[in-house]
Amino acid sequence: VLPSPEGPVPSVSITEIRQYLRAQGIPFHDGYSCLHTPSLFTSGREGQPLPAASTPYTLFIDKTTGSFLCTATLAEGTWQDFQANVELQHRGIPPASSEEPEEDMQQAREDARCIWDRALPLSELLDEDETKKTKAMFGISLVTDATLKRFGVRYLRTAKSLVFPWFSPRDATLKGLKLVRVEKKGEAIAYVEETLPRFDSYRNLFGLPLIGRRDTELVLTGWELDALALHQATGVASLALPRGATCLPPALLPYLEQFKRITLWLGEDLRSWEAAKLFARKLSLKRCSLVRPGDLQPRPLEALNQGLNLVKILRAALPASHKSIVSFRQLREEVFGELVNTEQVAGIKWARFPELNKLLKGHRKGELTIFTGPTGSGKTTFISEYALDLCMQGVCTLWGSFEINNVRLAKIMLTQFAGRRLEDQLELYDEWADRFEDLPLYFMTFHGQQNIKTVIDTMHHAVYMYDITHVVVDNLQFMMGHEHLSVDR
């Protein structure tokens, strides 16, 4: 749930951040998405700002939100926390470094350690036949044992899962894991992922420990196996995002600051293309290039398996920043892409409402749909089902329920998600609640009439933080207050 309206996130502008740093005598560089400053946490300096030259700039301040991360000590917090730590330093009190992880995180780390110890490198499975079968099952027959070993990938026999480690960038301790297994659904195969800790706290840029300080070019992929294929075929530094094309958590931006050029190659469908354009804005358009999905440019693992030239595909990546005026020649590729993928251009189809797909084609970003009907006709019930359908397909959704409180709305949605009356089977509650919690679903805590600017600011914040692509407002009258329903509004 996003911060409540009683205490909305105090927004801070980049100008205010710069003015504050200058006033406090803290040197800084202007980065792509962050400001870089010397860390307050690396040593107990007695309130003396050090000359810029003698200290590495390991503290990063997000230009949009003001939140900070020190990559040397992993201390992090809000802009207000940063100011409080500067105050402490002026009083000669060394700022508190990163505190112990919470109990849940601690438990997740211990569970991860147990699984990690039981998993084996693929090259150490009992016989060659088992190794071959396992690699074939995941479609990685062409990925060498050396590549798997370099990235530390293991295999857990009991769960028939590949295990991808998350090592702390500071001291290389194990922070968590991602398990990936294959499920056959008729002819099609689906990859099922599970993470420790849970999805929302899993912030692993897979492959980060292998990045050197001097690396300036990077390819960002949406999947761990793509990062392996890319590195093997091209030798370029490559990382995988923790939730693929679903979102790029701002907490990861500091680790991407050192790169002068970032190529986003997230997947082979139009959703990945849309996500790449969204992420490029966060990363700074001027340094990003995008690999356009298409038959000759599938995802990296697929390209490796098809024997395509991955270096050539990377060279053909399109710059993310279009100038303010463009000619058709610059748009030509994009138009062709839309014609080739007409089905995908129509948007994300609803799985539960085939009739609705005939009317609306699918959920497309940048479109507004209004549902009207008399009180009690089922608008909220239907829309929660409609939004849940998309959310289960990975569409990041933000709910603004101004009429019904969030507890009641979440109860309706959880019942729809489970497809059963949970009040009659309370022993199943935790199992379904755990699965529901992993959906990319967020609620605003407003209720009744609200100041429209506050609501819009909260939406902006949510889009930046969680890559929201679908916003539900229920309902418009409650949000605006009944007296404001003039035509303009």
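Predicted model: local features only at pLDDT ≥ 70, side-chain atom pairs only at ≥ 80, totals over all residues.
Helices and strands are taken here as DSSP runs, helices of at least four residues and strands of at least two, numbered from the N terminus.

**Exercise 1. Where does Leu74 lie, and is Leu74 buried or exposed?**

Solution. Begin with the elements on either side: Leu74 sits in the loop between strand S4 (68-70) and strand S5 (76-77). Next take the backbone, where Leu74 has a positive phi of about 65° although it is not a glycine. Most residues other than glycine have a negative phi, and most peptide bonds are trans. Finally, because buried means under 20% relative accessible area, Leu74 counts as buried at 18% relative accessibility.

**Exercise 2. Examine the backbone at Lys361, at Gly235 and between Leu196 and Pro197.**

Solution. Lys361, found in the loop between helix H12 (354-360) and H13, has a positive phi near 70° and is a residue other than glycine. With a relative accessible area of 42%, Lys361 is partly exposed. The remaining case concerns a peptide bond: Leu196 and Pro197 are joined in cis, with omega about -10°, and Pro197 lies in the loop between strand S10 (188-196) and S11.

**Exercise 3. Describe how helix H14 packs with helix H15.**

Solution. Two packed helices are described by the angle between their axes and the distance between the axes. For H14 (residues 406-418) and H15 (residues 429-437) the angle is about 100°, and the axes are 10 Å apart. Since angles of 65 to 115 degrees count as roughly perpendicular, H14 and H15 are therefore roughly perpendicular to each other. Turning to the residues, Ala410, Met413, Leu414, Phe417 and Ala418 in H14 meet Tyr429, Trp432, Ala433, Arg435 and Phe436 in H15. Sorted by class, this contact of H14 with H15 has nine nonpolar residues, no polar residues and one charged residue.

**Exercise 4. Which residues touch the most other members of the largest nonpolar core, and which elements give two or more residues to the core?**

Solution. In soluble globular proteins, nonpolar side chains tend to be buried together. The largest nonpolar core has 33 residues, of which Leu205, Leu218, Leu220, Leu256, Leu264 and Leu283 touch the most other members. The elements that give two or more residues to this core are strand S11 (217-221), strand S13 (261-265), helix H7 (270-283) and strand S14 (288-290), with H7 giving the most, eight residues. At the level of domains, this core draws at least three residues from each of domain 1 (14-91) and domain 3 (210-346). For one of its members, Leu264, the contacts beyond neighbours within four places in sequence are Leu220, Ala276, Phe279, Ala280, Leu283, Cys288, Ser289, Leu290 and Val291. Apart from this core lies another core, of 22 residues, among them Leu125, Phe138, Val143 and Leu148.

Note on methods
Residues numbered from 1 in each chain as written. Heavy atoms only, no water. Axes fitted to C-alpha atoms, helices over the stretch in contact; angles between N-to-C directions. Parallel < 35°, antiparallel > 145°, perpendicular 65-115°, else oblique. Contact = heavy atoms within 4.5 Å. Nonpolar A, V, L, I, M, F, W, Y, C, P; charged D, E, K, R; others polar. Core = buried A, V, L, I, M, F, W, Y, C linked by side-chain atoms within 4.5 Å. Buried < 20%, exposed > 50% of the residue type's maximum accessible area, 1.4 Å probe, protein only. Domains from an automatic or database assignment.
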